[in-house]
Amino acid sequence: MILRRVLIANRGEIALRIIRTCRRLGIETVLAASDADLDSVPARTADLVVRLGPPPPSASYLDVDAVLSAAKAAGVDAVHPGYGFLSENQRLARACAEAGLVFIGPTVEQLAAVGDKLEARRHAVAAGLPVVPGGPLEDTADAARLAAEIGFPLLIKAVGGGGGRGMKQVHDPADLAATVDLAVAEAGAAFGDPRVYLERFVATGRHVEVQLVADGESVVHLGTRDCSVQRRYQKLIEEAPAPALDPALREEMHRAAVALGKHLEYRGLGTVEFLVDVDRGTFYFLEMNARIQVEHPVTEAVTGLDLVAEQLAVAEGRSLSFGQADVSFTGHAVECRINAEDWAHDFRPSPGTVTEAVWPLGDGIRVDTHLQAGATVPPYYDSLLAKLIVHGRDRADALTRLRSALARCAVHGVGTNIPMHQEVLAEAEFAEGGVDTAWFTRFLRDRPVGSSRG
């Protein structure tokens with residue numbers, strides 16, 4: 001099926017990113033926008049705009065019926081959900097199929113296979129991937145037995161959680177029962193699913209993921225990304241390829257990710273996330289994200305591919321136009337997420353009106369943003385304003401370019417975390433490469449509120 005008109009059920013920079021590729025490919029775009037985004041840059045850039053609903057996500061971007069109604073009203077061939085919101089929603093994928101629309105993403109069955117953490121873990125094991133020691137908690141009274149097998153410290157994870165939500169650390173066996181009870185109650189309230197599972201807590205771990213693209217038969221990996229600089233499990237800086245990684249371990253991770261993709265007969269873009277256990281020199285499967293990722297530009301920078309275009313091609317039912325041997329990697333890329341938040345005051349959100357927005361230009365610099373002077377940053381959504389991506393001949397060159405590019409960013413009217421990124425880049429340990437997921441917590445600890453952060 002040749003796609004001629006696509007509904008974009010998302011907002012912000014990813015909506016604009018998808019519009020850009022669709023326009024290059026001659027595909028019309030219809031933006032499904034909430035009332036808060038009807039005058040946004042993506043709304044002014046799309047060929048058509050359909051009102052989705054009021055600003056709260058539950059009444060607009062998370063409303064499956066509203067998205068489907070918008071798609072039907074706009075007469076589109078397909079729905080691109082972007083990331084977040086309904087990007088991995090099985091109900092939307094199924095509703096699209098029933099309405100004769102293409103859901104630009106994997107199949108309903110594949111979404112089900114990786115959308116439930118326990119089910120994803122089961123598939124990973126079946127595909128031969130190593131998983132973090134642990135397992136589901138069938139009965140809270142059985143927690144002590146399972147914990148004894150895993151060892152302390154351990155993590156209690158909500159099956160329905162994600163992005164760091166629904167996770168609790170337990171260091172002392174005496175705290176286990178009460179923490180399990182609390183985790184179960186919170187999981188039920190927050191995710192509508194009280195199931196939890198236990199996992200070994202890896203003290204010195206790195207978050208390294210492998211990008212896949214697949215057409216249902218062929219599965220190709222597009223290398224690694226390191227996303228270890230995180231605050232409360234939210235990624236702040238990503239880079240490709242993952243630095244300071246043993247070459248044999250990297251190749252093993254590539255093979256593992258492809259094995260999972262083949263096991264699932266996967267179709268579309270997918271990211272297999274791993275936890276690298278630095279102390280043990282091994283890695284474990286964490287989860288698979290069945291959508292385009294925020295950090296996809298760093299992979300595009302080092303491979304020269306347009307991942308949205310590949311996603312659209314697979315959605316049209318076409319086979320991949322390249323194999324693994326055709327993929328080459330050039331240089332190093334780093335991405336900073338620039339958010340509307342005040343890091344000097346515990347990352348307090350900073351909605352408002354942007355009075356000035358100046359972004360750097362130059363070789364090896366890419367800025368994915370929907371922000372211009374006069375734009376409003378509404379309080380309803382993620383605070384991501386822009387992604388600053390640099391590409392250099394090697395990591396040192398990329399970091400030099402990034403420092404220069406950050407110095408030329410000017411956003412006024414709302415607070416941003418640009419100063420935080422500048423301080424991270426000034427750190428020798430970060431510049432050396434290969435920091436673990438606890439590094440940013442240590443970085444903040446050394447900068448208490450009111451000191452250098454002020």
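**Working chat: strands, rings and overall fold**

Me: Which residue in β22 is the bridge partner of Asn 339?
Reply: Leu 384 is the bridge partner of Asn 339 in β22. Keep in mind that this is a predicted model.

Me: Which strand joins β22 by eight bridges, and in what sense do the two run?
Reply: That is β15, residues 332-339. β15 and β22 run antiparallel.

Me: How many bridges join β20 to β22?
Reply: Five. β20 covers residues 365-369 and runs antiparallel to β22.

Me: How many of the residues of β22 are buried?
Reply: Eight of nine. β22 is mostly covered.

Me: Switching to the open sheet. What is its strand order?
Reply: The order is β3-β2-β1-β4-β5, five strands with parallel pairing.

Me: Which strands stand at the edges?
Reply: β3 (48-53) and β5 (102-103). Each has a single partner strand, so one side of each is left without a neighbour in the sheet.

Me: How many bridges pair β4 with β5?
Reply: Two, in the parallel sense. Ala 78 stands opposite Val 102 in β5.

Me: Now the rings. How many aromatic pairs does the structure hold?
Reply: Ten. One of them is Phe 85 with Tyr 381. The centres are 6.4 Å apart, and the planes make an angle of 85°, so the pair counts as edge-to-face, for which the angle must be over 60 degrees.

Me: Where do Phe 85 and Tyr 381 lie?
Reply: Both are in loops. Phe 85 is between β4 (78-80) and α4 (90-98). Tyr 381 is between β21 (376-377) and β22 (384-392).

Me: Is Tyr 381 buried or exposed?
Reply: Tyr 381 is buried, at 11% relative accessible area. Phe 85 is at 29% and counts as partly exposed.

Me: What about Phe 274 and Phe 283, how are their rings arranged?
Reply: Edge-to-face again, 5.1 Å centre to centre and 80° between the planes. Phe 274 is buried, with a relative accessible area of 0%. Phe 283 is buried too, at 2%.

Me: Which residues do ring pairs link into a cluster?
Reply: Trp 343, Phe 347, Phe 430, Trp 439, Phe 440 and Phe 443.

Me: What sits over the ring of Phe 430?
Reply: The charged end of Arg 395 sits there, 5.2 Å from the ring centre.

Me: Zooming out. How many helices and strands does the protein chain have?
Reply: 15 helices and 23 strands.

Me: What is the radius of gyration of the protein chain?
Reply: 22 Å. A compact globule with 454 residues would have a value near 22 Å, so the two agree. The C-alpha trace spans about 60 × 55 × 45 Å along its principal axes.

Me: What share of the 454 residues is buried?
Reply: Buried residues make up 56%. The accessible surface comes to about 18,200 Å². Carbon and sulfur atoms account for 50% of that surface.

Me: And contacts: what share joins residues at least 24 apart?
Reply: 65%, counted among contacts between residues at least 6 apart in sequence.

Conventions:
Residues are numbered from 1 along each chain as its sequence is written. This is a predicted model: local features need pLDDT of at least 70, side-chain atom pairs count only at pLDDT 80 or more; totals for chains, interfaces and linings use all residues. Side-chain values use heavy atoms; hydrogens and water are left out. Rings of Phe, Tyr and Trp (its six-membered ring) pair if their centres lie within 6.5 Å; planes under 30 degrees apart count as stacked, over 60 as edge-to-face and the rest as tilted. Helices (H or I, at least four residues) and strands (E, at least two) are DSSP runs, numbered from the N terminus. Buried means under 20% relative accessible area, exposed over 50%, partly exposed in between (1.4 Å probe, protein chains only). A charge sits over a ring if NZ of Lys or CZ of Arg is within 6 Å of the ring centre and within 35 degrees of the ring normal. Two strands pair if DSSP finds at least two bridges between them. The radius of gyration is taken over C-alpha atoms; the globule rule is 2.2 Å times the number of residues to the power 0.38. Contact means heavy atoms within 4.5 Å. Accessible areas come from the Shrake-Rupley method with a 1.4 Å probe; for residues, only the protein chains shown count as cover.
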